[in-house]
Amino acid sequence: MLSLYGFINTCLKSLVIEKFGEETWEKLRIAAEVPDTFMTFKVYADENTTRLVEEACKLLDVEPAVVLKQFGEYFFEFCKRSGYDHMLRTLGGNLMEFIENLDALHSYLSLSYQEMNAPSFRVEKNEDSSMLLHYYSDRRGLCHIVPGILGAVAMDFFNSEITMEIVSQMEEEERTGKKEHVVFLVTQKPAYSQKRRSRLSAKPQYLSDTRKQSEKQLNKLDLERAMNRIRNRASESPVRKNHWETIRGIVKLGKGKLLRGFEPVYPERLWVDIKTFCNSFPFHIVFNEELRVKQAGINIQKVVPGLQTMDIRLDEYFTIVHPEVTFKISSVRKFINSQFVLRTKREMMPESWKHRPMLELRGQMVWMGYLQCMLYLCSPLLRSLHELEERHMHISDIASHDVTRDLILLNQQRLAEMELSNQLERKKEELRILSKHLEEEKKKTEALLYAMLPKHVANQLKEGKKVEAGEFKECTILFSDVVTFTSICAQCEPIQIVVMLNTMYLKFDRLTTVHDVYKVETIGDAYMVVGGVPVPVSSHAERVANFSLGMIIAAKGVTNPVTGKPIQIRVGVTTGPVLAGVVGEKMPRYCLFGDTVNTASRMESHGIPNKIHLSPSAFRALKDKNFEIHERGEIEVKGKGKMCTYFLIRNLVASENEILGRPFRESDSGRESLQSLPESKAEYVNKKDDGCNTHQDRRPTVAMKYTEKPSFVPENICAKIKETAGKTRDSESYGSLKSAHSPEQSDDAPHQLPKDHDEQGMGKRSRKSIKSNLCTLL
């Protein structure tokens, strides 16, 4: 199975993020089923890259050739940014030399990236200055990367533009491992500057030539004719010599004399005897066209004693590792510009080498036409001192002039640095994952904290600051409880009570989000909500009123475990000033203090089942606000004396869906609201819809819109509220219930009501006593 280093996939990820954004990469990664990050020095299966390219083509709706070419262009820039800029610039003085030395670069990189399986390149120069580039690779379908890379190289390094046409594409038969052989016709021309290009583009002749050129590129029916036209055009406009070619043409001799051209001088005879040559080049082999060994260095004879017998066949002792060609003199001559790596055959090695790693030689093939022989100048291919020791060799076995000695020592240090870098990269990835998990846990913790305290208060407590109490000139407070809750508890199992309350409170909590009111606390069956605190709003009374109407409707969807019928709740609402602040150090609570809290509790305790009881101040706040309100009359309120109270009936303009925060349904347009239905009929409608209550609760919550007017904000909390980003969703917050229920009042003590209500069977009721040691009245 073929594999790629993570560097390639990291480049592809960087390309997608830079060009199309993080979201596109996330979609592409999920579709291709690949990890989010890739380690630079870790090997990954080719299928990861293949799937990424396939999914990118689907996502962007383009051909694979387009994606691969763009990837090739970006890969060149990515390599430059990764520190390979100087290395690439020094490969050659022109494009042909650059391509010829790519195999040497891959051979060098294979010292560090030992599992790298790079492609091979071979260049043939034509008479018309064009080139035939032969591309060999084990991987099929990736040849379109080459035009992208070489186009970017030509433009950046040599200030020229190239066109590349595929002349042939086949499977190479004479190669032993490479499966794909693609031949490109490369035509090179100088690149105009942007200023000159814009000047030329304004000329009619240039426009005409450009149009003709486009037509020629589109018409590819006769490939041979197109190739001839490209060659003719290239011959008419010769390539301008670049900087490196100019420097090579200048040789400095004597005092300032500059001469063009260079003619080497050779001696009449070779002034080196055979013994000195074999000692000076201890690793070299000379063989003829039949692969018969004619000469070998002394150290290679030590390793492979069979080479001491002349005229043995070289392919009996060695195999060609790179380039992957058959061991024939014709194949070797075809890749004469490539570095050759030969490996010894285990069966031909001495007994002492049977359990050692095989020796690999890397070097250059030189064809000697006069002798019709091939000279292989090579050195041991060793990446570290460990590999040197494994083969029982020493530095002294390598010639003093051979840079392999220095390369082994330098690469030993580089391998150590790579291992350290790999460890750091792994630790970095682990820290990134831990940081991601920590961020998720932090969000959960903050969500839990914001569910207990208002956001700006929680942020101040996190920063270790003292939270000052704030006075609110006007707000609206609501209390509710379950009718006959004490008797229900006496006749049911505790788990049934928990299920009933949880079902009811989930519905109420959802309503706090719809109307943006603050849930202070729940104790038993008591539920307390405030509008206008901690974020002051002018519509606090309307918000709490609509919330209370939603509570009545939602309560009809909760079943009494004793009777099997919907539960009944009492709701009390009042408007007035309060003081709010954080109480306690352990389990701190955001509490409300003031007589308004006491009045709201009295409105609830003196209320009627399934009715919303309003105090005079709440009535004044809701007057002329599109609510239907009926006067209850004057009643005796404990601790308050006689009060004229009211009942909130319904909202005259808002629909039931708006109050409950449900998305509007066309089927509800002609349906009468539960606000205005008689109780018996409302129960029937509620039973009919009982089967879809769960489904309705899962619908997305739609916040009700309110019109705000400028209102006074307390100075001591104004700065703190500004720290909160946006409106605080206090439906997720919990504080302390500051109820003013009198401990002297019995749960089952009847309250004096008008006679007409008593006749309807609503005069007697029982309620649970709620005692709070934090209750403080100002």
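Is Glu18 buried, exposed or partly exposed? Glu18 is partly exposed, with a relative accessible area of 48%, where buried means under 20% relative accessible area, exposed over 50% and partly exposed in between (1.4 Å probe, protein chains only). The model shown in these views is predicted, so local features need pLDDT of at least 70 and side-chain atom pairs count only at pLDDT 80 or more, whereas totals for chains, interfaces and linings use all residues. Residues are numbered from 1 along each chain as its sequence is written, and side-chain values use heavy atoms, with hydrogens and water left out.

**View 1. Overview of the protein chain, with its 27 helices and 22 strands.** Helices (H or I, at least four residues) and strands (E, at least two) are DSSP runs, numbered from the N terminus. Of the 778 residues in the protein chain, 47% are buried. Among contacts between residues at least 6 apart in sequence, 65% join residues at least 24 apart, a contact being heavy atoms within 4.5 Å.

**View 2. The open sheet of six strands, in the order E10-E9-E14-E13-E12-E11.** The pairing in this sheet is antiparallel, and two strands are said to pair if DSSP finds at least two bridges between them. Strand E10 (293–296) and strand E11 (318–322) stand at the edges with a single partner strand each, so one side of each is left without a neighbour in the sheet. From one strand to the next the twist averages 30°, with axes taken as lines fitted to C-alpha atoms (for helices over the stretch in contact) and angles running from 0 to 180 degrees between N-to-C directions. Within the sheet, strand E13 (residues 360–368) pairs with strand E14 (residues 373–380) in the antiparallel sense over eight bridges, and Met365 stands opposite Tyr376 in E14.

**View 3. The salt bridge between Arg81 and Glu18.** Side chains of opposite charge can pair when their charged atoms come close. A salt bridge is counted here when a side-chain nitrogen of Lys or Arg lies within 4 Å of a carboxyl oxygen of Asp or Glu, and by this rule the count comes to 29 salt bridges. In the pair shown, the closest N and O atoms of Arg81 and Glu18 are 3.8 Å apart. This pair links distant parts of the chain, with Arg81 in helix H4 (residues 64–89) and Glu18 in helix H1 (residues 6–20), 63 residues apart. Arg81 is exposed, with a relative accessible area of 51%, whereas Glu18 is partly exposed.

**View 4. Two further salt bridges, Glu77 with Lys80 and Lys473 with Glu471.** The closest N and O atoms of Glu77 and Lys80 are 3.9 Å apart. Because Glu77 and Lys80 are three residues apart in helix H4, they are separated by about one helical turn. Glu77 counts as partly exposed at 31% relative accessibility, while Lys80 counts as buried at 18%. In the other pair, the closest N and O atoms of Lys473 and Glu471 are 3.7 Å apart; Lys473 counts as exposed at 55% relative accessibility, and Glu471 as partly exposed at 41%. Elsewhere, salt bridges that share partners join Lys13, Glu26, Arg29, Asp36, Glu429 and Arg432 into one network.

**View 5. Aromatic pairs involving Phe157, one with Phe76 and one with Phe98.** Rings of Phe, Tyr and Trp (its six-membered ring) pair if their centres lie within 6.5 Å, and planes under 30 degrees apart count as stacked, over 60 as edge-to-face and the rest as tilted. A search of the whole structure finds 19 aromatic pairs. Phe76 and Phe157 form an edge-to-face pair, 5.3 Å centre to centre with 75° between the planes, and this pair links Phe76 in helix H4 to Phe157 in helix H7 (residues 145–158), 81 residues apart. Both Phe76 and Phe157 are buried. The ring centres of Phe98 and Phe157 are 6.2 Å apart with the planes at 65°, so this pair is edge-to-face; Phe98 lies in helix H5 (residues 95–100), 59 residues apart from Phe157. Phe98 is buried, with a relative accessible area of 3%, and Phe157 counts as buried at 16%.

**View 6. An aromatic cluster and two charges over rings.** Phe7, Phe71, Tyr74, Phe75, Phe78 and Tyr84 form one aromatic cluster. A charge sits over a ring if NZ of Lys or CZ of Arg is within 6 Å of the ring centre and within 35 degrees of the ring normal. Arg122 lies over the face of Phe335, at 5.3 Å from the ring centre, and the charged end of Arg269 sits over the ring of Trp271, 4.2 Å from its centre.
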